[in-house]
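Biologist: Before I rely on the wording used for this protein, I would like to go through the terms one at a time. Could you show me the model and set each value against its cut-off?

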Amino acid sequence: MAPCVVQIGRAKTMITTALTRLFDLTHPIVLGPMGGVAGGALAAAVSNAGGLGLVGGGYGDADWLRTELAIARADTTRAWGAGLITWSAARAVLDQVLAAQPHAVVLSFIDPRPFGAVIKAAGCKLICHVQDLHGGAGARGRRRPHRGAGQRRRWPRRGPRHAGAGAGGGRYR
C-alpha cells in the first residue's frame with residue numbers, strides 16, 4: 001500500500017505507513033531509545049508531537065528507569081515505549097518496564113526470543129533492531145562487538161564454510 005497524506009482533526013499526517021497506523025502516529029518519527037539520554041520528558045514530547053517516543057532503558061539502571069518511565073507515563077497522551085539492550089537486561093528490568101504499561105518495547109543487540117513472549121503477553125508491541133540482514137550473530141545468539149560511527153567491522157564475514165547457518169543460508173551477500 002502506497003503512503004498517503006490524510007487529515008486527522010487539526011493535525012495533518014505526513015504519510016501513513018504500517019508504523020503510523022500501528023501506533024496512531026501523525027508523523028513517522030521514532031525517538032531512538034538511547035540509554036541514559038532519551039528520558040521520560042523527551043519521550044513524552046516526541047509522542048505528544050505525533051511521533052513514537054521511547055525511553056532509553058540502556059543497560060537496565062532500575063532507579064533511572066523508575067523515574068523516567070513514570071515521567072513518560074504521566075506526561076504522554078499518546079503511544080510511547082521503552083528500549084533495552086537485550087544482552088544486559090534482566091527479567092526484573094523488563095518487568096519494571098512492562099509495569100509502566102508502554103505501548104512498545106524495543107530490544108537491541110541480540111536474540112529477542114527470551115523476552116518476546118513476555119512482552120507480547122503483556123499486550124505490548126515488540127520492536128527489534130535488526131543487526132544483520134543475513135541471520136548472522138543476532139540470529140545465532142552471539143554478541144557482536146559494538147561499533148561506533150565510522151568504525152570498520154572487526155569480526156569475520158560469513159562465507160561458504162558457514163553454509164546453512166542462520167536465516168541467510170550461510171552466504172554473505
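Biologist: In which hand, left-handed or right-handed, does helix 4 pass helix 5?

Modeller: Bearing in mind that this is a predicted model, helix 4 passes helix 5 in a right-handed crossing.

Biologist: What makes helix 4 and helix 5 roughly parallel to each other?

Modeller: Helix 4, residues 91-99, and helix 5, residues 113-121, pack at an angle of about 25°, with their axes 11 Å apart. Angles under 35 degrees count as roughly parallel, and helix 4 and helix 5 are therefore described in that way.

Biologist: Which residues of helix 4 and helix 5 meet?

Modeller: From helix 4, Arg91, Leu94, Asp95 and Leu98 meet Phe115, Val118 and Ile119 of helix 5. Sorted by class, this contact of helix 4 with helix 5 has five nonpolar and two charged residues, and no polar ones.

Biologist: Which residues of helix 4 are buried, and against what do they pack?

Modeller: Val93, Leu94, Gln96, Val97 and Leu98 are the buried residues of helix 4, and the buried residues of this helix pack against helix 3, strand 4, strand 5 and helix 5.

Biologist: Why is Leu42 called partly exposed?

Modeller: Leu42, which is found in helix 2, has a relative accessible area of 39%. Buried means under 20% and exposed means over 50%, with partly exposed in between, so Leu42 is partly exposed. Leaving aside residues up to four places away in sequence, Leu42 touches Leu31 and Val37.

Notes. Residues are numbered from 1 along each chain as its sequence is written. This is a predicted model: local features need pLDDT of at least 70, side-chain atom pairs count only at pLDDT 80 or more; totals for chains, interfaces and linings use all residues. Side-chain values use heavy atoms; hydrogens and water are left out. Axes are lines fitted to C-alpha atoms, for helices over the stretch in contact, and angles run from 0 to 180 degrees between N-to-C directions. Helices (H or I, at least four residues) and strands (E, at least two) are DSSP runs, numbered from the N terminus. Angles under 35 degrees count as roughly parallel, over 145 as roughly antiparallel, 65 to 115 as roughly perpendicular and the rest as oblique. A crossing is left-handed if the near helix is turned anticlockwise from the far one by less than a right angle, and right-handed if clockwise. Contact means heavy atoms within 4.5 Å. Ala, Val, Leu, Ile, Met, Phe, Trp, Tyr, Cys and Pro count as nonpolar, Asp, Glu, Lys and Arg as charged, and the others, Gly among them, as polar. Buried means under 20% relative accessible area, exposed over 50%, partly exposed in between (1.4 Å probe, protein chains only).
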